[in-house]
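Here is a friendly walk through one protein chain, meant to be read with the structure open beside you. Let us begin with the overall picture and then visit a few spots in turn.

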Amino acid sequence: KGVERLSIVQPADFESDAYSGHYHRVSAQHVLGQLKRCLLEGSCEEWSRLYENLIALFPKDGPSDPFDRMLILQGLAETCLTCLEELGLKDKAVAQTDLPQMLEFKSTMPWEQALAFYQSMFEWMQRMRSDKLSREEAYLIGRIGYFIQNNLDSDLSLSRIAREVSLNPSYLSRWYKQTTGKKLSDYIQEVRIEKSKELLQTTSYKVHEISEKLGFSDPHYFFRFFKKNVGCTPQEYRNRTLQPE
């Protein structure tokens, strides 16, 4: 008769328990998916928070349903092994960690012990990934520095350097600033200043010749650039440094 009603039905206890168990299983699977993403991306703080969320889904001694317990442990094992495979760390994990212990896991293993095992594996994985990332960053910074120092008289635009290291220019700019704490353009200036000082001290090149070797098409601009950054003209710097003690 045009009247709307909302009926609220309280489920029986067994239905409520079943719903609760299903909810926690689905939540745990969702968290495990996010956890895997964070481990592969190297998000240290986020994966730790997600792991704490996973632990908080269940009582201290784990799920009461043995099948739920088995599913969650299988999910943890799959997440661990998949991340090790994709990061290329499985063989190293077998040699350096207690990973083989996973093959002996039983449903009767204390829940806290199982959680501690996987936490230690995820922490180890994160350390290995961070070390590898640091080495890759150091290598890339070295490549950039080498290219700049050996091509001061050439094109040192952001796009040219980005092509040299196979990165997107805008990403390279952000990454370099975040990693080193300085802009790439500032680093190029520093290299040019140090190289100009070296040439003024150790060679007999004229100022305009040094200007060309450092990539300045206009000697007057080099003159102003040097004076602004060093506090004196190139010739004054040469005279001062070559003056006998």
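## The chain as a whole

Of the contacts in the chain with a separation of 6 or more, 61% are between residues 24 or more positions apart. Please keep in mind that this is a predicted model. The chain has eleven helices and zero strands, so its elements, read from the N terminus, run α-α-α-α-α-α-α-α-α-α-α. Of its 245 residues, 33% are buried.

Is Ala28 buried or exposed? With a relative accessibility of 0%, Ala28 counts as buried, because buried means under 20% relative accessible area.

Which residues does Ala28 touch, once its neighbours within four places in sequence are left aside? They are Leu54, Leu57, Phe58 and Ile72. Ala28 and Tyr51 are 23 residues apart along the chain, and their C-alpha atoms are separated by 9.8 Å.

## Helices α2 and α5

Tyr51 also turns up in the next pairing. Helix α2 (residues 44-56) and α5 have axes that come within 11 Å and cross at roughly 170°. Angles over 145 degrees count as roughly antiparallel, and α2 and α5 are therefore roughly antiparallel to each other.

On the α2 side, the residues that meet α5 are Cys44, Trp47, Tyr51 and Ile55. Their partners in α5 are Leu115, Tyr118, Gln119, Phe122, Glu123 and Gln126.

Helix α7 covers residues 169-180. Leu172, Trp175 and Tyr176 are buried in α7. Why do they lie on the same side of α7? They cover an arc of only 100° around the axis, which puts them on the same side. An α-helix has 3.6 residues a turn, so residues three or four places apart point the same way.

The face turned away from the buried side of α7 carries the exposed residues Arg174 and Gln178. The cover over the buried residues of α7 includes α5 (111-149), α6 (158-164) and α8 (184-202).

## How α5 meets α7

The α5 helix packs against α7 at an angle of about 115°, with the two axes 12 Å apart. That angle makes α5 roughly perpendicular to α7. The contact is made by Glu137, Leu140, Ile141 and Ile144 of α5, together with Leu172, Trp175, Tyr176, Thr179 and Thr180 of α7. In this pairing, α5 passes α7 in a left-handed crossing.

## Backbone on either side of α7

Two residues with positive phi are worth a look here. Ser166 is found in the loop between α6 and α7. Most residues other than glycine have a negative phi, but Ser166 has a positive phi of about 60° although it is not a glycine. Ser166 is exposed, with a relative accessible area of 66%.

Just after α7 comes Gly181, which takes a positive phi of about 85°.

## Leu214, a buried loop residue

Where is Leu214? Leu214 sits in the loop between α9 (207-213) and α10 (219-230). With a relative accessible area of 1%, Leu214 is buried.

Leaving aside neighbours within four places in sequence, Leu214 is in contact with Leu152, Asp153, Arg192, Lys195, Ser196 and Phe222. One of these, Leu152, is 62 residues apart from Leu214 in sequence and 4.9 Å apart in space, C-alpha to C-alpha.

## Helix α10

Phe222, one of the contacts of Leu214, belongs to the buried set of α10, along with Phe225 and Phe226. These three residues cover an arc of only 95° around the axis, which puts them on the same side of α10. The buried residues of α10 pack against α8, α9 and α11 (234-242).

Which exposed residues does the face turned away from the buried side of α10 carry? That face carries His220, Arg224 and Lys228. The twelve residues of α10 reach 16 Å from first C-alpha to last, close to the 16 Å expected at 1.5 Å a residue.

Technical notes:
Residues are numbered from 1 along each chain as its sequence is written. This is a predicted model: local features need pLDDT of at least 70, side-chain atom pairs count only at pLDDT 80 or more; totals for chains, interfaces and linings use all residues. Side-chain values use heavy atoms; hydrogens and water are left out. Helices (H or I, at least four residues) and strands (E, at least two) are DSSP runs, numbered from the N terminus. The expected span of a helix is 1.5 Å times one less than its number of residues. Buried means under 20% relative accessible area, exposed over 50%, partly exposed in between (1.4 Å probe, protein chains only). The arc is that of the directions from the helix axis to the C-beta atoms. Contact means heavy atoms within 4.5 Å. Axes are lines fitted to C-alpha atoms, for helices over the stretch in contact, and angles run from 0 to 180 degrees between N-to-C directions. Angles under 35 degrees count as roughly parallel, over 145 as roughly antiparallel, 65 to 115 as roughly perpendicular and the rest as oblique. A crossing is left-handed if the near helix is turned anticlockwise from the far one by less than a right angle, and right-handed if clockwise.
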